[in-house]
Amino acid sequence: MRPILLKGHERSITYVNYNYDGDLLFTASKDNVPTVWSANTGERIGTYNGHQGAVWDLDCNKFSTHLLTASADATCKMWNVETGEEVQTFKHRGPVRGVAWGEGSQCFATISDPFMDAVAMISIYDCPLDSSPESWSQAPRLEIELPKENAVKATNLVFLNLNEALFVTFDDGSIRLYDVVNGKVLNMITPHTKKINNVSFNREKTLFITSSVDTTAKLYDVVKLEHLKTYKTDRPVNDAVISPNKEHILLGGGQDAMSVTTTSGKAGKFETKFFHLVYETEFGVVKGHFGPINALAINPDGRSYASGAEDGYIRLHFFDQSYINMKDPVPDAPTEEAN
């Protein structure tokens, strides 16, 4: 499996994400410039220029017409995907850590960190794309404060199917579901003992997988919030994704960047690990980065994946035909006990 190296960022990669159709790859970095690439060739198509701080997160709507970006400059920006034009800027009181489109692309949500007197905040904005941006309110429709005394920060957020709830992960290892109308907590679980770095869902949003500093990734059922599987490693897990057409899990991470400046890729454990979804067993690794893998994304067609790391590179990996044709092992049938 020979990767294509995408070198368009000057600082470490924070997030990578395919669009719904899988033909575009969006990347975010600490260099302030979100970028879009051809997912088939690795060609850089364009950049979105305007942020004054690191870009932590981004989300393209299902129709690939509008892109949202979350930045440390305390703004969330909306862009026209095709032209690169800035459509609207939504100002916050603290660095914006995450952003997510609601289903139907009529609203979106952000999470912002505490800053000076401002508390951490979850905000929901209305932005009907069939109307003029000038008619949109700059004020959020709903704000959910995260009290300072709790001393927790939100790390990721996702709208569940039909926008029935807002799914939010936290740096204390917990997950909370919020009512999108009144902001009340609908449910809460604590899958991890340390910070949840990222969360990924399967395409149908029936399963999700969390990645944590506690060196594990955990698979859950969305409806029941039932724990299904745990994938154990010997390093912090920064991101994990679910294959759309195989019973496989991809994990990426590595030692903290502060401790690996003089460390080789092998010693720093900067590989993408492959685990069997059901059996929880590791069966392969893909090496190449020279820093911790911060972000992973798998193409919706399941034939390629992208990894972004502290080294500033995105590696676009296309699976060999042998992997695509690989059959998952079938467990032995139970034998009947003799009478």
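Buried means under 20% relative accessible area, exposed over 50%, partly exposed in between (1.4 Å probe, protein chains only). Of the 5 residues of β24 (residues 272-276), 5 are buried, so the strand is largely enclosed by the rest of the structure. In a regular strand, side chains alternate between the two faces of the sheet.

This is a predicted model: local features need pLDDT of at least 70, side-chain atom pairs count only at pLDDT 80 or more, and totals for chains, interfaces and linings use all residues. Residues are numbered from 1 along each chain as its sequence is written, and side-chain values use heavy atoms, with hydrogens and water left out.

β24 pairs with strand β23 (residues 248-253) in the antiparallel sense over 5 bridges. Two strands pair if DSSP finds at least two bridges between them. Strands (E, at least two residues) and helices (H or I, at least four) are DSSP runs, numbered from the N terminus. His 248 stands opposite His 276 in β24. β24 also pairs with strand β25 (residues 282-286), antiparallel, over 4 bridges. There, Thr 272 has Val 286 of β25 as its bridge partner. β24 and β25 form a hairpin with 5 residues between them. Glu 280 in the turn has a positive phi of about 65 degrees.

## Aromatic pairs

The whole structure holds 16 aromatic pairs. Rings of Phe, Tyr and Trp (its six-membered ring) pair if their centres lie within 6.5 Å; planes under 30 degrees apart count as stacked, over 60 as edge-to-face and the rest as tilted. Tyr 48 and Trp 79 form a tilted pair, 5.7 Å centre to centre with 55 degrees between the planes. Tyr 48 lies in the loop between β5 (44-47) and β6 (55-60), and Trp 79 in strand β8 (residues 75-80), so the pair ties together parts that are 31 residues apart in sequence. Tyr 48 is buried at a relative accessible area of 2%. Trp 79 is buried at 0%.

Phe 274 and Phe 319 form an edge-to-face pair: 6.1 Å centre to centre, 80 degrees between the planes. This pair links distant parts of the chain, 45 residues apart. Phe 274 sits in strand β24, Phe 319 in the loop between β28 (314-318) and α2 (321-324). Phe 274 is buried at 5% relative accessibility, and Phe 319 at 9%. Ring pairs also join Phe 274, Phe 283, Tyr 305, Phe 319 and Tyr 323 into a cluster.

## A four-stranded open sheet

An open sheet is formed by 4 strands in the order β10-β11-β12-β13, with antiparallel pairing. β10 (96-101) and β13 (142-146) stand at the edges with a single partner strand each, so one side of each lacks a neighbour in the sheet. The twist averages 15 degrees from one strand to the next. Axes are lines fitted to C-alpha atoms, for helices over the stretch in contact, and angles run from 0 to 180 degrees between N-to-C directions.

Within the sheet, 6 bridges join β11 (residues 107-112) to β12 (residues 120-126). Ser 112 stands opposite Met 121 in β12.
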